[in-house]
Amino acid sequence: MLYRQIGKTGQKASILGFGCMRLPVINGKNHLIDEEKATAMVDYALRNGVNYFDTAYVYHSEIQFHAGMSEVFLGKALKHERKNIYLATKLPSWLIKTRDDMDRYLDHQLERLQTDHIDFYLLHGMNADKWKILSNLDVTGFLEAALADGRIKYAGFSFHDQFPLFREIVDSYDWSFCQIQYNYMDENYQAGRQGLQYAAAKDLGIIIMEPLRGGSLTARLPANVQKIWDAADIGRTPAEWALRFLWDKPEINVVLSGMTEMEHVVENIRIASEGIAQSLTDKELALIQEVKSIYQARTKVDCTGCHYCMPCPQGVNIPICFLQLNNALIYNDHKTARLRYNNFLKEQQRASNCVKCGRCEEACPQHIPIKDMLKEVVLELENTG
Ligand code: SF4
Ligand code: SF4
């Protein structure tokens, strides 16, 4: 296993982090973790040098966005290794209504994880709304107090919004690290490459989530993408190309992989053993760019997510509708796109609420026929037949 220093913290973590949001479960029930299988996977990871474990209050919950079983499982599985590993978990930001809630949840998390401290503590899923609410409740005061009394060692945040907000959050507090979505298809999405470089310049540790885009870069590959990987001089799996792309970047410290099967753990550990920064050749990087171009050519709507069309008087969230339409068609994965469409958008924000007033089309710098494209969204993502 290879190790890198997590930014200014001086702590050295394995470049592969064990993401505990997709552990094996029994009978497809998200909250029923298959402890035997999951423990074997964690043990294998530990024996092979993985020392960064990432969870959250809400992972493996029965009711979405409420207390889940991942922390509880991890508390048991890592009890005897606690001194040798870094534990990362997250404040459930959407459940916080008062300043006291923050202490209450952190104390509960310590109990569930059977520990007296969290090494890397994150504000979960920061976006404009959540950041505003937490800031108003003095979240940085809470973090300062938790750092001072030793309940947490390092403070950070995970992020799901656009770069300007990312910069604002980075600049608003002396964070030790951040967690962002990044993969070769998402270099201009959310915090993106700009965010990666901005955080690195401030010496923040950088933890990566969604390195395989939730599996989109490894499953149901378009034939022409598979052909490129097959023709490469060096035989690598799609997961290997995606992970090596990330570890090639020296700014990246830990790449989290949400592993569901023992074979994922074995494969990822094997790949991580070669994850040296700046080790890919120009030819290999060009190959990844070629694959990226093929995926991009499958884009249905050239929406840049600029938001000039917003707000829609009916409440339709036009950029997210198009993002999920593109995801469905680019990655040939309607199931995941529909799930995200339904999870991220309230009823009134969905495409079927468009009354075709046309206001948005006047504002769109890309001249997208928004009304017609929203019909496509309804067809592809709402009409499940
Ligand atoms: S055309 Fe539809 S999406 Fe556009 S502003 Fe009008 S109601 Fe909203
Ligand atoms: S204005 Fe056009 S490009 Fe910008 S978010 Fe709206 S649809 Fe997309």
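Q: Which residues come nearest to ligand 2, of the 13 around it?
A: In this predicted model, the shell around ligand 2 divides into nine nonpolar residues, four polar ones and no charged ones. Of the 13 residues around the ligand, those that come nearest are Cys303, Cys306, His307, Cys309 and Cys364.

Q: Which residues does Ile370 touch, not counting residues up to four places away in sequence?
A: Ile370 lies in helix α15, and with a relative accessibility of 2% it counts as buried. Its C-alpha atom is separated by 7.2 Å from that of Cys360, which stands 10 residues apart from Ile370 along the chain. When residues up to four places away in sequence are not counted, Ile370 touches Cys309, Ile318, Phe322, Cys360, Glu361 and Cys364.

Q: Which residues lie nearest the centre of the largest cavity?
A: A search of the whole structure finds three cavities of 30 Å³ or more, and about 100 Å³ of space lies in the largest cavity. The lining of the largest cavity is made by 14 residues, and those nearest its centre are Cys312, Pro313, Cys354, Cys357 and Cys360.

Q: Which elements give two or more residues to the lining of the largest cavity?
A: The largest cavity is lined by 14 residues, and these divide into nine nonpolar, two polar and three charged. The elements that give two or more residues to this lining are α14 (359-363) and α15 (370-382).

Q: How many residues apart in sequence are the parts that the salt bridge of Glu210 and Arg22 ties together?
A: The side chains of Glu210 and Arg22 meet in a salt bridge, with 3.5 Å from N to O. Glu210 lies in the loop between β9 (205-209) and α8 (223-231), whereas Arg22 lies in the loop between β3 (16-19) and α1 (35-47), so the pair ties together parts whose separation in sequence is 188 residues.

Q: Is Glu210 buried or exposed?
A: A residue counts as buried when its relative accessible area is under 20%. Arg22 has a relative accessible area of 34% and is partly exposed, but Glu210, at 18% relative accessibility, counts as buried.

Q: How many residues apart in sequence are the parts tied together by Glu210 and Arg340?
A: Glu210 and Arg340 meet through their side chains in a salt bridge, with 3.7 Å from N to O. Arg340 lies in helix α13 (residues 334-344) and Glu210 in the loop between β9 and α8, so the pair ties together parts that are apart in sequence by 130 residues.

Key:
Residues are numbered from 1 along each chain as its sequence is written. Chains are lettered from A and ligands numbered from 1 in the order in which they are written. This is a predicted model: local features need pLDDT of at least 70, side-chain atom pairs count only at pLDDT 80 or more; totals for chains, interfaces and linings use all residues. Side-chain values use heavy atoms; hydrogens and water are left out. A salt bridge is a side-chain nitrogen of Lys or Arg within 4 Å of a carboxyl oxygen of Asp or Glu. Helices (H or I, at least four residues) and strands (E, at least two) are DSSP runs, numbered from the N terminus. Buried means under 20% relative accessible area, exposed over 50%, partly exposed in between (1.4 Å probe, protein chains only). A residue is near a molecule or strand if one of its heavy atoms lies within 4 Å of it. Ala, Val, Leu, Ile, Met, Phe, Trp, Tyr, Cys and Pro count as nonpolar, Asp, Glu, Lys and Arg as charged, and the others, Gly among them, as polar. On a 1 Å grid over the protein atoms alone, a cavity is a set of points where a 1.4 Å probe fits but cannot get out, and a pocket is an open set with protein on both sides within 12 Å along at least five of seven lines; lining residues have an atom within 4 Å of a point. Grid points are joined across faces, edges and corners, and a volume is the space filled by probe spheres set on the points. Contact means heavy atoms within 4.5 Å.
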